[in-house]
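This report asks how the chain is laid out overall and how one of its elements is placed within it. Please read it alongside the sequence and the coordinates.

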Amino acid sequence: MPKKEEKEKSFEQLCSSLEETVSRLEDEQLPLEEAIRLFNAGVADAIEARKRLLASEEKVQKLVETLEGRFELHDLE
């Protein structure tokens, strides 16, 4: 969870941060303590990104034309 003083990251920033974290974790010379810190930060970013993705999926709907020529909103499956 971001600290109150920190600006909340956008979804794209979370994804970019995750990519950078994975890249840094692949460095075999990384000290264990730093690797654990990065891993924890990456897990936090992944959880937040997943929450936002699920929330966005709930908002997405599709417009469907009925046989009578009207349009209705339906949840996207």
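The quantity called pLDDT is the predictor's confidence in each residue, on a scale from 0 to 100. The model is a predicted one, and among the elements of the protein helix 1 has the highest mean pLDDT, at 95, whereas strand 1, residues 61-65, has the lowest, at 79. Taken over the whole protein, the mean pLDDT is 87, and 91% of the residues reach 70 or more.

**Overall layout**

The secondary structure consists of 2 helices and 2 strands, and from the N terminus on the order of these elements is α-α-β-β. The protein is more spread out than a compact globule, because its radius of gyration is 19 Å, well over the 11 Å that the globule rule gives for 77 residues. Along the principal axes, the C-alpha atoms fill a box of roughly 65 × 30 × 15 Å. Buried residues make up 14% of the 77 residues, and the accessible surface comes to about 6,900 Å², with 55% of that area belonging to carbon and sulfur atoms. Of the contacts between residues at least 6 apart in sequence, 33% join residues at least 24 apart.

**Helix 1**

Helix 1 comprises 15 residues, 11-25, and its end C-alpha atoms are 21 Å apart, which agrees with the 21 Å that it should span at 1.5 Å a residue. The table sets out how some of its residues are classed by accessibility.

| Residues of helix 1 | Class |
|---|---|
| L14, S17, T21 | buried, under 20% relative accessible area |
| E12, E19 | exposed, over 50% relative accessible area |

Which residues of helix 1 are buried, and where do they fall around its axis? They are L14, S17 and T21, and, seen down the axis, the buried residues fall within an arc of 65 degrees, so they line one face of the helix. In general, an α-helix has 3.6 residues a turn, so residues three or four places apart point the same way. E12 and E19, which are exposed, lie on the other side of helix 1. What covers the buried residues of helix 1 includes helix 2, residues 32-59.

The C-alpha atom of V22 is separated by 8.5 Å from that of L38, although the two residues are 16 apart along the chain.

Note on methods. Residues are numbered from 1 along each chain as its sequence is written. This is a predicted model: local features need pLDDT of at least 70, side-chain atom pairs count only at pLDDT 80 or more; totals for chains, interfaces and linings use all residues. Side-chain values use heavy atoms; hydrogens and water are left out. Helices (H or I, at least four residues) and strands (E, at least two) are DSSP runs, numbered from the N terminus. The expected span of a helix is 1.5 Å times one less than its number of residues. Buried means under 20% relative accessible area, exposed over 50%, partly exposed in between (1.4 Å probe, protein chains only). The arc is that of the directions from the helix axis to the C-beta atoms. Contact means heavy atoms within 4.5 Å. The radius of gyration is taken over C-alpha atoms; the globule rule is 2.2 Å times the number of residues to the power 0.38. Accessible areas come from the Shrake-Rupley method with a 1.4 Å probe; for residues, only the protein chains shown count as cover.
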